[in-house]
Amino acid sequence: MHSLWEQTSASSGFETLRQDIETDVLIIGGGMAGVLCAYLLQQAGVSYVLAEAETVCSGITKNTTAKITLQHGLIYDKLIRAFDLERARQYLNANEKALEKYRQLCADIDCDFEEKDAYVYSLDNPRGLEKEILAIEKLGGHAEFCDRLPLPFPVAGAVKYANQAQFHPLKFISAISKGLHIFEHTAVRELAGRTAVTDHGRITAEKIVVATHFPFLNKHGSYFIKLYQHRSYVIALENGPDINGMYVDEAQKGMSFRNYKNLLLIGGGDHRTGKKGGGWRELREFAERHYPNAAEKYYWAAQDCMSLDGVPYIGPYSGGTTNLYVATGFNKWGMTSSMVSAMILCDLVQGKENPYAEVFSPSRTILRLQLAANALEAAVGLLTPTARRCPHLGCALKWNPYERTWDCSCHGSRFTEAGRLIDNPATGDLKKTPKK
């Protein structure tokens, strides 16, 4: 199972660290967020090193649907109610800046960058769409209501945001990562103060950025309770229609659509990691009903870190740490959130203020409804009697028969049938090969 992006791009090929080195900034994690942070630091003339455990963008980034948009579901009405107008405006403006930065960079990069309108549709909630449009207008943005979409089912309407974008993420990464100070196959095994210990060398840095998707340091920040992980699935169809835009259901378990060249990408089948969901079966049944002449060319799955309030955690790792930073909890909107992370963290590690940092602060309140759900899931996972335990914090692992993996519903770690680590926050393989 390899994504469309993996099969239509070249591999990177950076060296492995084999000596002790010193730098001003260490970035741990070579996904989109980490690489963009490295790129912006290099542009700013800051000494840095990026350490990636496998290869650049071989984790979550390769499985994105690669939509670059500041329209993240029906987010802005929620932000105004959960925060206030000013912080909701920070979120909007930060993502506008991220989109504009991609436009600037992609102007000189062959990465299939295309401007497309983005739509958040609803099957049965027109009032929610109307409230979202009003919220966007309050924040100084502009959106339109649409009641007809080129999708094969009726909708109550959609919020249209014009002039957003889509691209090929790995072609983009291949271009901007050239010349960056990156070490691949260089897993950080532990942090000892300002020193990161790897298998073949130590990296000593004044400041450290953790961009590992799910933060791996449990002692600080309480990310094990502030985050959970969600899986979603994608199929790419040949002979599907050109829908000329990007479409996503406002419901978390709804479907998304976009084109890439002659392919139609359909996403959905979502569920919390370690739980049951529709998966590829749901998407294939949908395609058979509505696009009977289309043929499946690619299929893959993605995994996303979900925050308590729908806003990523970007900034100081915790209130009790210094010179340690984090970027996580992108809530399925990893492309713009990665660029926002890079812009904020590039400023913070240089001692500069950033106008968007407040709304993304990892130290903001955790008193949200999702906190109780995360705590309950963790309690159930810890108390479930089984020999198959996640090495992260000891929760029960569940067998996923569709992907043939061992999954943790507490925090989202995943392992192959043989026990090899696929997704963090666990940092190592299972000690014993589990039996189903």
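**Exercise 1. Determine how many helices and strands the protein chain has, and how its radius of gyration compares with the globule rule.**

Solution. The chain has eleven helices and 21 strands; both are DSSP runs numbered from the N terminus, with helices being H or I of at least four residues and strands E of at least two. This is a predicted model, in which local features need pLDDT of at least 70 and side-chain atom pairs count only at pLDDT 80 or more, while totals for chains, interfaces and linings use all residues. Residues are numbered from 1 along each chain as its sequence is written, and side-chain values use heavy atoms, leaving out hydrogens and water.

Next, take the radius of gyration, computed over C-alpha atoms, and the globule rule, 2.2 Å times the number of residues to the power 0.38. Along its principal axes, the C-alpha trace spans about 60 × 50 × 45 Å.

Of the 436 residues, 59% count as buried, where buried means under 20% relative accessible area, exposed over 50% and partly exposed in between, with a 1.4 Å probe and protein chains only. A contact means heavy atoms within 4.5 Å. Among contacts with a separation of 6 or more, 71% come from residues 24 or more positions apart.

**Exercise 2. Find which residues of the largest nonpolar core touch the most other members.**

Solution. A nonpolar core is a set of buried Ala, Val, Leu, Ile, Met, Phe, Trp, Tyr and Cys residues joined through side-chain atoms within 4.5 Å. The largest one holds 84 residues, and Y76, F167, F172 and F360 touch the most other members. Helix α9 (residues 334-349) gives the most to this core, with ten residues. Apart from this core lies another, of 26 residues, including I28 and L371.

Now take F167. Leaving aside residues up to four places away in sequence, F167 touches residues including W5, Y102, C111, F172 and M335.

**Exercise 3. Locate the disulfide and state its handedness.**

Solution. A disulfide is counted when two cysteine sulfur atoms lie within 2.5 Å. A search of the whole structure finds one, joining C395 to C410 with an S to S distance of 2.3 Å. The torsion about the S-S bond is about -100 degrees, so the disulfide is left-handed. C395 is in the loop between α11 (369-383) and β18 (397-400) and C410 in the loop between β19 (405-408) and β20 (414-416), so the pair ties together parts that are 15 residues apart in sequence. Both C395 and C410 are buried.

Compare C37: its sulfur is 6.4 Å from the closest cysteine sulfur, in C346, too far for a bond. C37 is buried, with a relative accessible area of 1%.

**Exercise 4. Give the strand order of the open sheet of four strands, and name its edges.**

Solution. Two strands pair if DSSP finds at least two bridges between them. The order is β18-β19-β20-β21, with antiparallel pairing. β18 and β21 (421-423) stand at the edges with a single partner strand each, so one side of each is left without a neighbour in the sheet. β19 and β20 pair over three bridges; the bridge partner of T405 is T416, in β20.
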